[in-house]
Amino acid sequence: MSLDTHPVIFGAGTAWYKSPDDDGTTIHQPTVDAIKAAIDVGYRTLDGAQAYGTERELGIAMVESGIPRASFRLSTKAKSTSNVEKALEESIVNLQTDFVDLYLIHSPFPASTDVELQDAWREMERCKQRGLARDIGVSNFSIKNMSTILEVATIKPSVNQIEMHPRLYQPELYDFLRRENIAIQGFSSLAPLRAESGNETRVLTTQLAAKYNVDEMAILMRWVIDQGAAVVTTSSKRERMATTFSQVRSFKLTDEEVAQLTATGKGRWFRGFFADEFKVA
Ligand code: NDP
């Protein structure tokens, strides 16, 4: 995947999660409309997951956009670590497509043993061999989880999608993934905007936003992109989608600014997703 051409990915999760009570067949029109707005603004890389319950909405939005399937890069994620192949067959039907561009194991946590995780990866490899997924990867995997599947992998994971912002200090994981040539997709890059105001990350983000004449969100997304990763974001507001899409391409942080932002999070550990699971892992 070329991160230069696809640095910003539109996500159909978080804000769009369906209620666990949803019967799986009801179409949530605001989700369809938001994805269509994102496509209209220019997003072509779309991030879904079985757990979000929004694969049907993603499929409808892509079809109704009138843009050929080949123009999109579409990903989904296996909710469980068992039966990932069968789950993808169902996802593909929901997404109204024949294949996904990227299929990820959503997290390692459903697997209770290393062997289960390794078996899940073997099934992922079958998905690629059958052409159901062009690329396969993982999400929320630690260095230990990655090493576990690398022991048995005949096809290396192409991506690890992880929470990535300066309030979550994890340079060892980034270095490991770079060494292994595994691409990073970072989600929740805007988490520092939701943290208390006046913290060091916010202060520096505000200063850099003034320097580059962009919104703070663009600074946080560049912090991800300028470390060689793609950023996964979402919004319900068309104007924000458009601002994001244009501002993040309009400038670049210096290496020193990236390092300064990283330093504001040193020793910090704020996690918006899977915080409990990571504590015991
Ligand atoms: P972000 O950190 O990008 O946050 C997006 C949220 O921030 C939206 O709800 C949006 O609300 C709000 N927002 C957008 N712009 C601004 C702004 N300028 N100032 C303040 N708030 C703003 O990402 P998320 O954590 O929401 O995740 C994005 C995607 O990443 C998900 O949809 C999913 O696809 C993926 N993801 C993957 C996970 C995994 O386990 N693999 C876990 C979590 C996310 P508004 O609608 O008001 O604009």
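Colleague: Which residue of β8 is the bridge partner of F10?

Modeller: T233 is the partner of F10 in β8. Numbering starts from 1 along each chain as its sequence is written. This is a predicted model, in which local features need pLDDT of at least 70 and side-chain atom pairs count only at pLDDT 80 or more, while totals for chains, interfaces and linings use all residues.

Colleague: What makes β1 and β8 a pair?

Modeller: Pairing requires at least two bridges found by DSSP. Strand β1 (residues 8–11) and strand β8 (residues 230–233) share three bridges, in the parallel sense, so they pass that test. Strands here are DSSP runs of E, at least two residues long, and helices are runs of H or I, at least four long, numbered from the N terminus.

Colleague: Which helix packs on the sheet there?

Modeller: Helix α9 (residues 216–225) does, touching β1, β7 (183–187) and β8. Its direction makes about 140 degrees with that of β8; such angles run from 0 to 180 degrees between N-to-C directions, with axes fitted to C-alpha atoms, for helices over the stretch in contact.

Colleague: In what order do the strands close into a barrel?

Modeller: The order is β1-β2-β3-β4-β5-β6-β7-β8, eight strands with parallel pairing. From one strand to the next, the twist averages 30 degrees.

Colleague: Why is α8 called roughly antiparallel to α11?

Modeller: Helix α8 (residues 200–212) and helix α11 (residues 255–264) pack at about 155 degrees, with axes 8 Å apart. Angles over 145 degrees count as roughly antiparallel, under 35 as roughly parallel, 65 to 115 as roughly perpendicular and the rest as oblique. The α8/α11 angle therefore makes the two helices roughly antiparallel.

Colleague: Which residues of α8 and α11 meet?

Modeller: On the α8 side they are E200, T201, L204 and L208, and on the α11 side E257, Q260, L261 and T264. Contact means C-beta atoms, placed from the backbone, within 7 Å.

Colleague: And why is α8 roughly perpendicular to α9?

Modeller: Their angle is about 105 degrees, with the axes 8 Å apart, and that value makes α8 roughly perpendicular to α9. T205, T206, L208 and A209 of α8 make the contact with E216, I219 and L220 of α9.

Colleague: Which residues come nearest to the ligand?

Modeller: G11, G13, L190, T233 and S235, out of 26 residues around the ligand; being near means a C-beta atom, placed from the backbone, within 6 Å. The elements giving two or more residues to this shell are α7 (191–194) and β8.

Terms used
Two residues are in contact if their C-beta atoms, placed from the backbone, lie within 7 Å.
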